[in-house]
Amino acid sequence: MFDVLIIGGGVSGMSCALVLGSAGNKAFAADKKIGIFTHQKASNLQDAVFNNAYGIPAGKLGSELLEESKEQLASLYPHVEQIENEKVMKIEGSYPDFTVVTNKGSYQTKIIVVAINATNTFAIEGLMDYVIPHKKAIVEKNRIQLKNEDHFVTDGIYVAGTLAGLRSQLSIAAGSGASVATDILTLWNSGIHSQVHDSIRK
């Protein structure tokens, strides 16, 4: 049983995983089992190049960033399980006992974070009732989002990135994933607002 499973290995999903992983030294997060489906083939980053993203060198390719983020997560937070080459097809159950069904198997989890892109090919069974037209995308692009309030879809299910109704921008997606992670940390910390900061000061 996972405590949280993140669906999507793009910017928002990996950002969420990195923040959750970095909380491993917190008593309320130390024993939590975290996983992420790192399926990236449909990520908008595959064709992206960045010149306007804070902290990222100009000319950085999105395809490079995708691979480097997986390496960063594995190196710094190896307790976060990366599940590769599996596509999520269905979600069953309710909080805190979900089953996530992929094209290769199934997984039990208490919390789900959906962090895939907002294309209208979205087809995860069990979430289709939450699909609405994207509120901040050009109508002609026919983008969708999941109904949510500040990333919260329903008990145990969060959404991050463009699928949360946000515009497609790397820094926005990264912040969205981090925001969901801190909401989950707060939940684990008995409702006491929580975040994780690294510091060079000891």
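Modeller: Let us begin with two helices that are called oblique to each other, helix 1 and helix 3. Please keep in mind throughout that this is a predicted model.

Biologist: Why are helix 1 and helix 3 called oblique to each other?

Modeller: Helix 1 and helix 3 (residues 170–188) pack at an angle of about 40°, with their axes 7 Å apart. Roughly parallel would require an angle under 35 degrees, and roughly perpendicular runs from 65 to 115, so helix 1 and helix 3 count as oblique. Their crossing is right-handed.

Biologist: What makes helix 1 and helix 2 roughly parallel to each other?

Modeller: Helix 1 (residues 11–22) packs with helix 2 at an angle of about 15°, and their axes are 10 Å apart. The limit for roughly parallel is under 35 degrees, and helix 1 and helix 2 are therefore given that label. The crossing of helix 1 and helix 2 is left-handed.

Biologist: How do you know that Val-19 is buried?

Modeller: Val-19, which lies in helix 1, has a relative accessible area of 18%. Buried means under 20%, so Val-19 falls within that class. Val-19 is also 6.1 Å from Ala-181, C-alpha to C-alpha, although the two are 162 residues apart in sequence.

Biologist: And what makes Ser-69 buried?

Modeller: Ser-69, a residue of helix 2 (residues 62–76), has a relative accessible area of 13%; with the cut-off at under 20%, Ser-69 is therefore buried. A polar atom of the Ser-69 side chain lies 2.7 Å from the backbone oxygen of Leu-66.

Biologist: Turning to the rings, why is the pair of Phe-152 and Tyr-158 called edge-to-face?

Modeller: A search of the whole structure finds 3 aromatic pairs. In the pair formed by Phe-152 and Tyr-158, the centres are 5.7 Å apart and the planes are at 75°.

Biologist: Why is Tyr-158 called buried, and why is Phe-152 called partly exposed?

Modeller: Tyr-158 has 9% relative accessibility and so counts as buried, the limit being under 20%. Phe-152, at 33%, counts as partly exposed, because that class lies between buried, under 20%, and exposed, over 50%.

Biologist: How do you know that the charged end of Lys-33 sits over the ring of Phe-2?

Modeller: The charged end of Lys-33 is 4.5 Å from the centre of the Phe-2 ring, and it is listed as sitting over that ring; the distance limit is within 6 Å. Phe-2 also forms one aromatic cluster with Phe-37 and Tyr-107.

How values were computed:
Residues are numbered from 1 along each chain as its sequence is written. This is a predicted model: local features need pLDDT of at least 70, side-chain atom pairs count only at pLDDT 80 or more; totals for chains, interfaces and linings use all residues. Side-chain values use heavy atoms; hydrogens and water are left out. Helices (H or I, at least four residues) and strands (E, at least two) are DSSP runs, numbered from the N terminus. Buried means under 20% relative accessible area, exposed over 50%, partly exposed in between (1.4 Å probe, protein chains only). A polar contact is a pair of N or O atoms within 3.5 Å; within protein, one must be able to donate a hydrogen and the other to accept it, and residues adjacent in sequence count only if both atoms are side-chain atoms. Rings of Phe, Tyr and Trp (its six-membered ring) pair if their centres lie within 6.5 Å; planes under 30 degrees apart count as stacked, over 60 as edge-to-face and the rest as tilted. A charge sits over a ring if NZ of Lys or CZ of Arg is within 6 Å of the ring centre and within 35 degrees of the ring normal. Axes are lines fitted to C-alpha atoms, for helices over the stretch in contact, and angles run from 0 to 180 degrees between N-to-C directions. Angles under 35 degrees count as roughly parallel, over 145 as roughly antiparallel, 65 to 115 as roughly perpendicular and the rest as oblique. A crossing is left-handed if the near helix is turned anticlockwise from the far one by less than a right angle, and right-handed if clockwise.
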